[in-house]
Amino acid sequence: MRGVVLIRNLPYGFFEAELWQYFEQFGKLNRLKLFHSKKTGRSKGYAMIEFANSDVAKIAASTMDNYLMFDHILRCEVLPLEKVRNEAFRNWFRKPSGHYANKKTVQKQNSVKSPINVKNMQFRLLKHLKNANKKLQQFGIQYQFSCPSMTIIQETLRKVSSEKKKHATEQNSTDGDVNFQFHFYMRSCMRMNESSIFAELKISFAGDSFVGKTSILKRFTENGFDSVRPTIGVDYLSKTMFVNGKHVKLHLWDTAGLERFKSTTHVCYRNCHGIVFVYDVNCLKSFQSLKQWIEYAKLCNTKTNFVKMLIGNKVDLNEREVTEEEAAKFAWSNSMLYLETSAKTSKGVQMAFEELVRKILDTPDLWTACVDENKRRLHEMEDVSMCERLWC
């Protein structure tokens with residue numbers, strides 16, 4: 001007898017192919033239905049899976065319930081067959097029309113925003129952040145939400161109010177006042193565009209477990225270090241860097257080093273502009289397994305000219321098993337950049353990312369510049385990552 005499992009709180013990026021491959025480990029699947037938004041085509045975060053055997057469905061639901069996946073706790077339950085309607089699996093395992101974005105959504109999102117629209121968006125953001133800070137203060141939490149544009153908005157508001165009063169004393173014309181505010185805002189928008197994002201790059205990390213991939217990312221993004229547990233599946237971080245006089249946003253993907261997570265981590269290597277291969281200088285086994293990681297990354301990545309970097313981590317320890325000469329020779333033979341770092345002392349971490357970004361920017365065929373920081377392109381890609389915004 002068949003059994004149907006309802007899965008809720010799915011992480012974004014875990015789509016039909018990934019769900020089928022993952023839950024097929026428990027037993028034979030008949031049908032799978034991931035629910036999407038009719039407007040944008042994005043996943044709603046819940047799905048229904050029909051197993052060929054009801055006992056297998058119960059085992060899968062009990063095993064995956066309260067399971068932590070990509071910072072999401074899954075909720076699984078077996079549905080009684082009398083509550084499962086025939087329309088529930090309509091068009092199962094088939095992308096809806098306009099998957100990820102229909103034409104109207106694409107046109108609206110990609111349209112060039114007028115200065116008035118940009119101003120309204122910024123004011124709504126400022127209002128939202130202020131409300132969030134007030135709620136935190138009510139609970140006794142001393143934390144201030146902020147964003148790069150928040151200070152610009154506040155400065156603009158203060159300057160507009162001060163200049164408006166000054167202008168009102170010199171000229172009482174209403175038309176002149178309106179024109180003045182408009183031109184002043186246009187000048188402020190020009191200043192904001194000077195610090196806009198020049199390009200967005202996808203960078204993934206690969207290597208065995210316990211080599212320090214997560215610690216390197218924590219040191220780079222948060223300038224902190226602590227003992228972390230092994231990554232389950234994948235983790236996502238982002239940071240904006242100022243390289244060669246331009247702002248570049250990095251989408252950083254931390255993948256698990258365990259073999260059993262390869263079925264879910266392969267999507268992180270697709271369309272990567274750069275992949276960082278990390279090994280522990282105090283562990284010869286982690287260095288010897290780099291060839292397998294390189295071949296696997298080449299197999300998964302659709303970009304053939306992506307930049308490869310080799311990082312030897314944990315140089316602060318005095319138990320070295322891999323010499324610097326051996327690592328440099330290996331990096332040269334595989335056309336890789338090479339640096340040694342210490343996530344604990346932050347030695348070489350910042351330099352590694354700067355060298356990697358410079359190398360990517362020096363490869364024009366590998367990336368595309370962002371024309372407008374307010375323009376987000378929605379791609380119809382099956383392997384879109386678990387990030388809410390896409391990289392260029």
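In what order do the six strands of the open sheet lie? In this predicted model, in which residues are numbered from 1 along each chain as its sequence is written, local features need pLDDT of at least 70 and side-chain atom pairs count only at pLDDT 80 or more, while totals for chains, interfaces and linings use all residues. Side-chain values use heavy atoms, with hydrogens and water left out. The order of the open sheet is β8-β9-β7-β10-β11-β12, and its pairing is mixed, two strands being taken as paired if DSSP finds at least two bridges between them. The edges are formed by β8 (234-243) and β12 (337-340), each of which pairs on one side only, and the twist from one strand to the next averages 25 degrees.

The protein as a whole contains twelve helices and twelve strands, where helices (H or I, at least four residues) and strands (E, at least two) are DSSP runs numbered from the N terminus. Of its 392 residues, 44% are buried, a class defined by a relative accessible area under 20%, with exposed residues over 50% and partly exposed ones in between (1.4 Å probe, protein chains only). Among contacts with a separation of 6 or more, 73% involve residues 24 or more positions apart, contact meaning heavy atoms within 4.5 Å.

Within the sheet, strand β10 (residues 274-280) pairs in the parallel sense with strand β7 (residues 197-206) over four bridges. In this pairing serine 204 stands opposite isoleucine 275, and the bridge partner of alanine 206 is phenylalanine 277. Strand β10 also runs parallel to β11, to which seven bridges join it, with valine 278 opposite isoleucine 311. Because seven of the seven residues of β10 are buried, this strand is largely enclosed by the rest of the structure. In a regular strand the side chains alternate between the two faces of the sheet. Both faces of β10 are covered, with Gly274, Val276, Val278 and Asp280 buried on one side and Ile275, Phe277 and Tyr279 buried on the other.

Helix α7 (residues 213-222) lies across β7, β8, β9 (246-255), β10 and β11 (307-313), and runs at about 155 degrees to β9; axes are lines fitted to C-alpha atoms, for helices over the stretch in contact, and angles run from 0 to 180 degrees between N-to-C directions. Helix α11 (residues 324-333) packs on the sheet as well, where it touches β10, β11 and β12, and its direction makes about 160 degrees with that of β12.

Leucine 310, in strand β11, is buried, its relative accessibility being 0%. Leaving aside residues up to four places away in sequence, the contacts of leucine 310 include Phe277 and Tyr279, together with Ala327, Phe330 and Ala331. Leucine 339 is also touched by leucine 310, and the two residues are 29 apart in sequence and 6.5 Å apart in space, C-alpha to C-alpha.

Twelve aromatic pairs are present in the structure, rings of Phe, Tyr and Trp (its six-membered ring) being paired if their centres lie within 6.5 Å, with planes under 30 degrees apart counted as stacked, over 60 as edge-to-face and the rest as tilted. One aromatic cluster is formed by Phe14, Tyr22, Phe23, Phe26 and Phe70. Phenylalanine 70 is located in the loop between β4 (68-69) and β5 (72-73), and is buried, with a relative accessible area of 11%. Aspartate 71, placed in the loop between β4 and β5, is by contrast exposed, with a relative accessible area of 61%. Most residues other than glycine have a negative phi. Phenylalanine 70, although not a glycine, has a positive phi of about 55 degrees, and phi of aspartate 71 is likewise positive, near 65 degrees.

Charged side chains also lie over aromatic rings, a placement that requires NZ of Lys or CZ of Arg within 6 Å of the ring centre and within 35 degrees of the ring normal. Arginine 42 lies over the face of tyrosine 12 at 4.1 Å from the ring centre, and the charged end of lysine 239 sits over the ring of phenylalanine 220, 4.4 Å from its centre.

The search for disulfides, defined as pairs of cysteine sulfur atoms within 2.5 Å, finds zero in the whole structure. The sulfur of cysteine 272 is too far for a bond, because the closest cysteine sulfur, in cysteine 268, is 7.6 Å away. Cysteine 272 is buried, with a relative accessible area of 0%, whereas cysteine 283 is partly exposed at 29%.
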